[in-house]
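Please keep the sequence and the structure open while reading.

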Amino acid sequence: MDLNTVTTLRTARTRDDLRLEPGETVLAGGTWLFSEPQLEVSGLVDLTTMGWEPWTIHDGGLSIAATCTIAQLLEPPAPPDWAAAHLFRECAEAFLMSFKIWNTATVGGNLCLALPAGAMISLATALDAVAVIWTPDGGERREPVATFVHGVQSTSLQPGEVLRSIELSTAALRARAAFRKTALTPLGRSSSVVTGRLDLDGRLTLGVTAATPRPHVFHFGHPPTDDEVQRAIATVDAWYDDAHGAPDWRAAVTLGLAYEVCEELRS
Ligand SMILES: Cc1cc2nc3c(=O)[nH]c(=O)nc-3n(C[C@H](O)[C@H](O)[C@H](O)COP(=O)(O)OP(=O)(O)OC[C@H]3O[C@@H](n4cnc5c(N)ncnc54)[C@H](O)[C@@H]3O)c2cc1C
């Protein structure tokens with residue numbers, strides 16, 4: 001839709017260009033920004049012109065730029081020992097997807113929008129990704145994506161901060177991983193997404209997204225028993241309530257998915 005409150009558009013090419021004036025907001029893929037009125041926004045600063053490499057494989061793991069599109073995310077030729085690489089496609093396909101979203105929506109836009117069904121939130125929390133955030137004073141801060149997302153459309157981003165990238169460690173990428181999703185219809189928005197990761201040292205990480213307003217990540221020193229899984233899921237303080245599922249139903253299906261994920265990783 002036309003954003004008729006917007007009177008300026010700047011294309012960012014340097015970090016200085018990302019200093020936001022009052023009323024300005026950053027534009028990534030624009031798939032959400034242009035989907036509803038933005039009455040507080042009078043100017044857009046295009047982040048996609050920064051020229052960031054969509055992804056970089058390095059000794060420590062994988063760096064994914066905030067401007068990497070969902071389609072670009074699936075391009076990296078995963079090294080053969082990245083056993084968790086199948087999560088990229090599974091999480092990408094958990095999007096309520098269209099051609100436009102696939103090719104235009106960005107990883108950073110999905111994380112910063114912080115919707116419960118944020119498919120990139122599922123991916124990032126499954127792999128204990130760390131968000132790299134550029135601060136307006138020219139500095140940088142890092143934070144696990146699991147705490148970066150506070151709730152529905154709420155993150156730790158402060159005014160003027162920009163998400164630069166997310167970092168995934170080689171250790172996490174080499175882990176065995178499992179993915180389960182429930183939605184009310186075959187191609188519908190996710191009602192619950194549960195991910196699991198079994199690290200080479202035997203530690204297991206369980207991630208719950210889409211069913212809750214914010215991501216929940218549980219770390220176990222060993223593959224948990226069903227009782228341990230049940231106790232962990234019972235600590236979730238709030239279940240999301242919308243047209244894609246009632247809270248009590250989401251709690252029940254999430255527990256079932258968590259059992260399945262842990263059983264797959266134990267076998
Ligand atoms: C048909 C359709 C289906 C959708 N399905 C889903 C779904 O299943 N799950 C879901 O979560 N969402 C869904 N969405 C919502 C949205 O389009 C996506 O979340 C998308 O990933 C947003 O990415 P974008 O790059 O287009 O962000 P934009 O629309 O450009 O930006 C989104 C918000 O994030 C801010 N932002 C973007 N990048 C940065 C950055 N690097 N640093 C700081 N702030 C930033 C923007 O200022 C804006 O407030 C859907 C939308 C449509 C139209």
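By class, the residues around the ligand are 19 nonpolar, 11 polar and 1 charged. The model is a predicted one. The points below start with that shell, then turn to the domains and to the strands.

**Ligand shell**

- The shell counts 31 residues, of which Ala 28, Gly 29, Thr 31, Gly 109 and Asn 110 come nearest to the ligand.
- Two or more residues each are given to the shell by β2 (24-27), α4 (107-113) and β10 (162-169).
- Helix α4 supplies the largest share, 5 residues.
- Both domain 1 (8-49) and domain 2 (53-171) contribute, with at least three residues from each.

**Domains**

- The protein chain is split into three parts: domain 1 (8-49), domain 2 (53-171) and domain 3 (175-266).
- Between domain 1 and domain 2, the C-alpha centres are 19 Å apart.
- The contact between these two domains involves 11 residues of domain 1 and 15 residues of domain 2.
- On the side of domain 1 that touches domain 2, the residues comprise 6 nonpolar, 3 polar and 2 charged.

**Strand β6 and its partners**

- One partner of β6 is strand β7 (residues 140-144), paired in the antiparallel sense over 5 bridges.

- An open sheet is formed by 4 strands in the order β11-β12-β13-β14, with antiparallel pairing.
- Strands β11 (176-183) and β14 (216-220) are at the edges with a single partner strand each, so one side of each has no neighbour in the sheet.
- From one strand to the next, the twist averages 10 degrees.
- The antiparallel pairing of β11 with strand β12 (residues 190-198) runs over 8 bridges.
- In this pair, Ala 183 has Ser 190 in β12 as its bridge partner, and Arg 176 stands opposite Leu 198 in β12.
- The hairpin that joins β11 to β12 passes through 6 residues.

**Helix on the sheet**

- Which strands does helix α9 (residues 247-266) touch where it packs on the sheet? The helix touches β11, β12 and β13 (204-209).
- The direction of α9 makes about 25 degrees with that of β12.

How values were computed:
Residues numbered from 1 in each chain as written. Predicted model: local features only at pLDDT ≥ 70, side-chain atom pairs only at ≥ 80, totals over all residues. Pairing = 2+ DSSP bridges. Axes fitted to C-alpha atoms, helices over the stretch in contact; angles between N-to-C directions. Contact = placed C-beta atoms within 7 Å. Domains from an automatic or database assignment. Nonpolar A, V, L, I, M, F, W, Y, C, P; charged D, E, K, R; others polar. Near = placed C-beta within 6 Å.
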